[in-house]
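Visitor: I am new to this structure and would like to learn how to read it one feature at a time. Could you guide me through it slowly?

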Amino acid sequence: MSAVTTARSGARAATPATGLGRRMRLGTMDAFTMTRRELLIWFRVPAYIFFTIIQPIMFVLLFRYVFGGAIPVPNSTYVDFLMPGIIAQSAAFASFGTAIALARQIQKGVIDRFRSMPIARSAVLAGRLLSDSLRLTLTVLVILGVGYAVGFRFHNGVGPAILMLVLGIALGVVVCCISAYVGLAIRDEESVGSFGLVWLFPLTFVSSAFVPVAKMPGWLQAFANNQPVTIVIDEMRALALGGPLALHAWQSAVWLVGILVVFVPLAVRAYRRV
Amino acid sequence: MQDDAAILVEDLHKSFGDVQALNGVDLRVGRGTVLGVLGPNGAGKTTVVRILTTLLNPDRGRALVEGRDVVREAATVREIIGLAGQSTAIQEELTGRENLEIVGRLYHLDKPAARRRASQLLDQFELSTASDRPAKTYSGGMLRRLDLAASLVAKPAVLFLDEPTTGLDPRSRIGMWEIIRTLVAEGTTLFLTTQYLDEADELADEIVVIDHGKVIASGTAETLKDRVGGNVVEFVLPDRSRLADAAGAVAALADAEPSTEPDTGRVAVRVGSRGSDALVQAVRNLDSAGIEVDGLALRRPSLDDVFMALTGHAAETEEPVGGKRGRKRRGRAAQPAEQAPTQGGPR
Ligand SMILES: Nc1ncnc2c1ncn2[C@@H]1O[C@H](COP(=O)(O)OP(=O)(O)OP(=O)(O)O)[C@@H](O)[C@H]1O
Ligand SMILES: [Mg+2]
């Protein structure tokens, strides 16, 4: 019981942050500590590993073998058509973890504890997004491996193939930013899990991910053709299989950057107000 | 202003929509002392703690911790405080050790230092044997201890504990008190909220009582008790017929009339700040009047009595009947405030 406050001054390495450079260095350190923390948590919970790895594999097999036979696609085999779509869909769905983890940590008071500590304000969100990016990158790579095993092939060379993966991951990260805002604004694990993320379903399924948009009723096509997930998936498909790149490339970039510009400040503001 | 004040709060107001949570709170906590903030559910205790720990901005008024404004100098305030909130902020998937090491890293201790500090705290809080188990396997008392340990990683000069023993069994509570006493002996300034009157009495140098977002009384436990009328000499007559004689015999001890209860034969007389001399005089007077008594005792008023005297009602709660913390005091609500309480308090 004796050592609680001995050497009170010696234990704290940090003095008040002064210079901008020092602040940035400490902020980066904090973000990495938070990233490591979140990955450690992820690693401890079998359910999270299931959602990251097993569930996406099941999706690939389901679409490839159960629905795939019934869905004709133009100028391609279904598995080649499917893979860019399912990579984007899985990357977007990884953001469930983002929203739920944040809501849960708010409810548990963990975030409040962090906010009472001299941690860079950005570190909690940055760590969250960084660890989620790594998590969804793993998902994407696993799906790609399974895709290869069930007949998928890139037809457009290595460079575009890598770009396609990067674009899929970027979509996932951007959607995580929306989900982060949702989690921070709703602050209740149950509500986030039950209705906070329903928008993800139309966004990913009413897109060109699994079915050519031309096969949908007209009123659905109007939505499906003009929403960001379709635009990104069409670009990913062009990168993987060949086809015109330019139009969808800049549309994708505008959408992704646009969503970041709106939702990152919203998430930061919601974090401050928790 | 007062340079020995570790915490200074002036005219603090905060409302949430229609709810006026704080309605002009003033406080001062001397460096190295313990302030016990006492109040029923919904009094505003947590709101004060959240403002002082930079989690919430006040609507009006100001608050300083070690002379730093909690709004304008929030970053500096965070460097000097520690907080263990009303609910524990432990990541239950991680082990006790991991929880503490990560907090250490977030305070920018290097890896070996964070590891050392975690081991030290785990030892100190008797969590060593459980240190490598996920915290979700811990008991409530262990989680509380781990949470307190986490708030101490950076050796804060000012510590905020929001109801640190709520929900603990009596043994764990006393264990927690011992830990808190050790901290205080080493010079930490402590801001402690509690609903337990005996807890404030045990730990605090100064007590403020808040109700409906306002400080309704403050002072040491002793001065608060004096405000209720001070000490009480109490005894029971085996022979009820001599009640009037007995009251007459002890009437000289105080200005106020002794109160008597014909049903139980209990007589109580308020003797203000007089102590054992009043007791001795009571024994003499009763003896010379030839009156036999049982259980003659000098009783200090409990803080329950204080709350009754200050508010005219027992510490009411927002919780429905049977709420875990309101029960004890609710039971006493039937007594009028003027009547000498007939049950022994914590003392
Ligand atoms: N975020 C909030 N939104 C709305 N009302 C709130 C909020 N926080 C506190 N309140 C209200 O403010 C009042 C004071 O609450 P506070 O939590 O400070 O009380 P307390 O003394 O800590 O109570 P308890 O002993 O139950 O913890 C209550 O009426 C509470 O309902
Ligand atoms: Mg409270």
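Predicted model: local features only at pLDDT ≥ 70, side-chain atom pairs only at ≥ 80, totals over all residues.

Visitor: Which strands pair with strand 8 of chain B, and in what sense?

Guide: Strand 3 of chain B, residues 34-38, is joined to strand 8 in the parallel sense over 5 bridges, and within strand 8 the residue opposite Leu35(B) is Phe191(B). Strand 7 of chain B, residues 158-162, also runs parallel to strand 8, with 5 bridges between them, and here Leu159(B) has Leu190(B) as its bridge partner.

Visitor: Which helix makes a β-α-β unit with strand 7 and strand 8 of chain B, and what is the handedness of the unit?

Guide: It is helix 6 of chain B, residues 170-185, and the β-α-β unit that it makes with strand 7 and strand 8 is right-handed.

Visitor: What is the strand order in the open sheet of 4 strands in chain B?

Guide: The order is 2-1-4-5, and the pairing in this sheet is antiparallel. Strand 2 (19-30) and strand 5 (68-69) of chain B each have a single partner strand, so they stand at the edges, and one side of each is left without a neighbour in the sheet. Within the sheet, strand 1 (residues 5-16) and strand 4 (residues 60-65) of chain B are paired antiparallel over 5 bridges, with Leu8(B) standing opposite Leu64(B) of strand 4.

Visitor: How should I read the place where two chains meet?

Guide: The size of an interface is often given as the accessible area lost when the parts come together. For chain A and chain B, about 4000 Å² is buried between them, with 53% of it on carbon and sulfur atoms. In terms of contacts, 41 residues of chain A meet 46 residues of chain B. The count of salt bridges between the two chains is 5, and Arg113(A) and Asp147(B) meet through their side chains in a salt bridge, at 2.8 Å from N to O.

Visitor: How many disulfides does the structure hold?

Guide: Over all chains there are 0 disulfides. Cys176(A) is in none, and the nearest cysteine sulfur to it, that of Cys177(A), is 7.1 Å away, whereas a disulfide needs the sulfur atoms within 2.5 Å. Cys176(A) counts as buried because its relative accessibility is 1%, and Cys177(A) is buried as well, at 5%.

Visitor: Is Arg128(A) buried or exposed?

Guide: Arg128(A), which lies in helix 6 of chain A, residues 123-149, has a relative accessible area of 7% and is therefore buried. Leaving aside residues up to four places away in sequence, Arg128(A) touches Glu38(A), Thr98(A), Ala101(A), Leu102(A) and Gln105(A).

Visitor: And is Trp219(A) buried or exposed?

Guide: Trp219(A), a residue of helix 10 of chain A, residues 218-226, is exposed, because its relative accessible area is 66%.

Definitions and conventions
Residues numbered from 1 in each chain as written. Chains lettered and ligands numbered in written order. Heavy atoms only, no water. Buried < 20%, exposed > 50% of the residue type's maximum accessible area, 1.4 Å probe, protein only. Pairing = 2+ DSSP bridges. Helix = DSSP H or I, 4+ residues; strand = E, 2+ residues; numbered from the N terminus. Right-handed = clockwise from strand over helix to strand, strands pointing away. Contact = heavy atoms within 4.5 Å. Buried area = accessible area lost by both parts, 1.4 Å probe. Salt bridge = Lys/Arg side-chain N within 4 Å of Asp/Glu carboxyl O.
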